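Dear colleague,

I am handing over the structure we spoke about, and below it you will find my notes on what turned up when I went through it. Please read them with the model open beside you.

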Amino acid sequence: MTRECAALLPGVCAALADPRQPGLDDTCLEKLLDWFRSLTWFDPTVELLQDNPCLAELISSVLALPEPSPSMLAFSLQLAGILASSESRFQHLQQEKLLGRLFGREGPRGGAAWEDPAVRSAWLKGVHSMGHHQPALRFLCSTGDMDVIFSLQGDPSLFVASAASQLLVHMLTFSLESEPSKALSTKDCSWPACAQMIVEHIQESLQSSSASHTEQALKLLSSLFGSCFGSCYAAWTEVLWSDIAKQIESFLLEETVQAQPVLANLLLNVARSPLFCGTEGSFWALITSALEHLTPVQAGPLAVGLLKLCKCPQDVRIQALTVLLQPMDCILRAASQPLECAGLLDESVSDPVTVERLLSSKTSCAGLLCQTLAHLEKLLSLKHLRVDLPCVPLLHSLMTILQFCNGVLSPTSPLGSTISRNLINCFRVQKSALDVLAALSEKKDCDTLIGSLFDVLLAYLQSPNTSPTVLKKTFQATSKWLVHLQELSCSNSQWQQTEKIFEDVFVVLQKRLCSPCWEVRDSSLEFLTAMVKCLKDQKEFRQCLLSSEVLRLTENLLEDPESYVRASAVTAVGHLALLPCFAPESPVTGHQYNKEKTVAKLQEILSTDSEGFPRRAVINIFTKWLREGCPGQLGDREQFVSGVIQTVEHDLDWEVRLGGLELVEVFCSQSICQLSQCPYAPVSCAVTSCTPQNELLQGFCRAQLFGFLFRSLCDCDKPVGQRACDVLIGLRGHFYPMSTLENPQEIEDSPAGRGIACLQRTLRQGSLAQNFPTDGSDGLDFQDPESMMLVLGAIDLLELHDELNKSSDHMEESPQSLLQDILATVGTIEDNEVDCY
């Protein structure tokens with residue numbers, strides 16, 4: 001603790017303990033506790049309490065109040081716990097008889113303040129902070145605190161209940177690591193005292209007739225096995241599991257047990273521990289039993305978790321996959337009688353009637369399918385799945401679900417009719433099914449259904465009943481399958497099918513681009529952009545594009561009344577401009593795409609659009625064009641960059657200004673690349689004696705880069721200043737090897753010396769600078785190569801970089817400032833508005 005803070009602390013403690021003072025803001029008290037945590041973390045000695053007796057006095061004063069405020073009592077509990085986290089300070093507070101009055105029987109747990117969940121939570125946090133040494137554990141076990149912690153597991157406040165569970169996990173693991181003499185050599189060794197109390201409590205709760213006590217014990221076990229306990233204490237894990245395994249197994253067989261979802265989570269956490277790496281043993285038999293007896297909704301998370309485990313036995317893995325596929329299999333079998341294609345499963349894990357009953361119910365059908373589809377999407381995203389998914393029947397099942405949802409499939413079976421009625425216009429299921437459909441596009445063995453698949457997708461794209469959110473998902477799935485179709489047509493020469501699908505897609509797209517709903521127009525433009533990115537090299541795609549009205553409609557949407565749509569139209573137009581058929585040397589003529597007109601329109605949007613989204617989209621597209629080398633689109637590069645940065649420099653949107661700096665960075669990098677094969681190699685000669693370097697610098701000056709970059713250093717938005725500084729440091733690294741920076745005296749004596757000094761002072765003021773030096777002021781010309789060379793060598797850019805990267809509140813974010821704020825605020829501001837960082 002600094003001398004200044006030590007001098008302020010007694011006054012702060014006195015103010016906090018004074019009941020006549022208004023209470024401090026909770027944020028302020030939390031920051032004070034954070035400070036004490038950092039002090040005690042680095043210094044476990046008792047000196048903190050001995051040198052600052054006001055801390056113990058504060059706690060005593062709060063306890064002496066007949067009715068302390070809940071916030072101050074909670075603060076005192078946490079402060080005492082933090083201070084007692086080391087053994088020496090714990091003994092000191094014990095001598096002051098404070099810990100018993102806070103955490104013992106005579107503490108607040110029997111008073112009216114205990115009704116406040118904030119006090120109960122603070123009591124648990126204080127105990128948690130304190131419980132990092134053996135004397136604290138013995139204190140807690142001897143004062144009845146363990147029973148309080150056990151009872152708080154069932155607290156009505158979820159925050160309190162969670163904190164109690166976390167505390168018990170900590171106490172059990174800490175008691176094991178702090179008593180190495182208790183390390184297991186045989187299974188007959190006893191648990192350390194604190195751990196023994198917790199284990200006995202768990203065993204009693206599991207055998208209790210109270211469902212809530214049973215569920216609390218299962219949650220605690222789940223947290224315990226999910227923590228470091230299961231991975232770091234293998235022997236103890238085995239002992240604990242052997243004590244409870246039979247009870248857990250009995251719960252699986254009892255249909256009346258309400259805690260089955262917790263059981264699934266517990267079993268998954270146990271399976272993740274290193275103890276059960278082998279494929280033999282009763283544990284995996286218990287897992288198999290769980291997959292059979294848990295309901296499909298409860299077994300789903302367990303199944304997907306098991307499929308992610310590399311050590312799971314293959315037969316269990318197959319059983320887990322079967323659990324996930326069972327609802328999809330039921331859908332497929334219910335769709336037609338007799339079954340037109342092979343089902344997903346040869347046999348079920350659990351009774352198929354259970355799944356059929358859930359899918360037949362209006363209330364549970366969508367929930368089960370959405371959960372199943374989410375699990376399948378997660379599995380399809382894994383790079384290495386150790387079981388084979390039956391992709392073709394799975395795809396067929398997904399198509400069936402989507403057809404049920406939009407009412408185009410009329411099954412003949414009673415079950416199918418019921419499911420169809422449950423799913424009609426169910427947006428949740430539609431979106432989930434389309435997500436899995438998109439993920440399946442990565443699989444290579446679904447080619448036989450691709451024609452039927454596009455029939456389903458086109459039906460959704462064409463239907464007026466498709467909601468905007470479902471349409472967006474349909475577009476995303478369609479774009480992924482179009483890429484798959486491209487790969488397929490290249491390998492199998494299925495040109496006619498591909499061309500027909502593209503024609504149908506563009507007919508739908510034209511219609512959707514004219515939709516009265518802005519979300520639909522926006523999704524259509526995003527879909528067009530995605531297609532251009534992935535399919536720009538495919539001839540069928542380009543032909544269908546040029547023969548459609550999509551280009552004209554997209555350009556019209558640059559003037560859409562909705563800003564999101566205008567932004568998406570800018571992005572689409574920008575990507576369309578990169579198509580090979582629109583290159584300057586392209587022989588394609590007669591189409592309605594006018595490059596010069598498009599560039600002019602985007603420049604107009606950048607300078608005049610009232611919303612930020614379209615302007616951001618324009619600067620991003622201009623940067624993309626420049627990066628991908630489209631001089632035919634942009635004309636003279638220097639003139640183009642100069643015009644853009646003069647426009648964006650005064651933009652009110654900081655992201656647009658930041659985009660301008662990215663454009664400049666690309667321009668500089670490309671210009672340097674043209675000069676040298678290695679863009680980062682420093683030059684070895686002075687700029688004035690090296691003609692290519694001189695030309696490079698002159699080009700930067702003609703593009704008016706330096707004025708833009710240096711003014712950006714003073715931008716009121718820090719990311720802009722940081723990016724400008726990075727660009728300037730990069731330029732200086734190119735023009736100046738580290739050993740050849742300018743001599744300060746020579747700069748001072750130069751004609752531009754006064755201007756450079758003025759610029760340096762302005763830059764140090766940063767965003768507070770009022771008047772930035774203009775071209776020609778004090779002899780400094782931002783378009784003069786010699787002056788800019790001097791500036792790059794003279795300005796301390798690294799110092800500016802450090803300043804810009806400091807937190808904006810680095811001066812205020814200090815314990816001293818916090819203590820000063822508290823003293824200045826307590827009792828002086830009616831609304832208690834603390835300027836607390």
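I begin with a single side chain, Gln 486, which is buried because its relative accessible area is 16%, and buried here stands for anything under 20%. Gln 486 has its place in helix H26, which runs over residues 468-492, and, once the neighbours within four places in sequence are left aside, it is in contact with Cys 534, Leu 535 and Gln 538. Please keep in mind throughout that this is a predicted model, and that the values I quote are computed from it.

As for the chain as a whole, its secondary structure comes to 44 helices and 0 strands. Of the 837 residues in the protein chain, 53% are buried, and the accessible surface comes to about 37600 Å², with 51% of that area belonging to carbon and sulfur atoms.

Phe 622 sits in helix H33, residues 612-627, and counts as buried because its relative accessibility is 0%. If residues up to four places away in sequence are not counted, Phe 622 touches Val 599, Leu 602, Gln 603, Leu 606, Phe 640, Val 644 and Leu 663.

Leaving aside neighbours within four places in sequence, Tyr 233 is in contact with Thr 173, Leu 176, Glu 177 and Cys 228. Glu 177 is 56 residues away from Tyr 233 along the chain, yet their C-alpha atoms are separated by 9.1 Å.

I also looked at how helix H13 packs against two other helices. Helix H12 (residues 193-206) and helix H13 (residues 211-226) pack at an angle of about 135 degrees, with 8 Å between their axes, and H12 is therefore oblique to H13. The crossing of H12 and H13 is left-handed. On the H12 side the contact is made by Ile 198, Ile 202, Ser 205 and Leu 206, and on the H13 side by His 213, Thr 214, Ala 217, Leu 218, Leu 220 and Leu 221. Sorted by class, the residues of this contact of H12 with H13 are 7 nonpolar, 3 polar and no charged.

With helix H16 (residues 260-272), H13 packs at an angle of about 25 degrees, again with the axes 8 Å apart, so H13 and H16 are roughly parallel to each other. H13 passes H16 in a left-handed crossing. H13 contributes Glu 215, Leu 218, Lys 219, Leu 221, Ser 222, Phe 225 and Gly 226 to the contact, while H16 contributes Val 262, Leu 263, Asn 265, Leu 266, Asn 269 and Val 270. The residues of the contact of H13 with H16 divide into 7 nonpolar, 4 polar and 2 charged.

How values were computed:
Residues numbered from 1 in each chain as written. Predicted model: local features only at pLDDT ≥ 70, side-chain atom pairs only at ≥ 80, totals over all residues. Heavy atoms only, no water. Helix = DSSP H or I, 4+ residues; strand = E, 2+ residues; numbered from the N terminus. Buried < 20%, exposed > 50% of the residue type's maximum accessible area, 1.4 Å probe, protein only. Areas by Shrake-Rupley, 256 points an atom, 1.4 Å probe, with all protein chains shown as cover. Contact = heavy atoms within 4.5 Å. Axes fitted to C-alpha atoms, helices over the stretch in contact; angles between N-to-C directions. Parallel < 35°, antiparallel > 145°, perpendicular 65-115°, else oblique. Left-handed = near helix turned anticlockwise from the far one by under 90°. Nonpolar A, V, L, I, M, F, W, Y, C, P; charged D, E, K, R; others polar.
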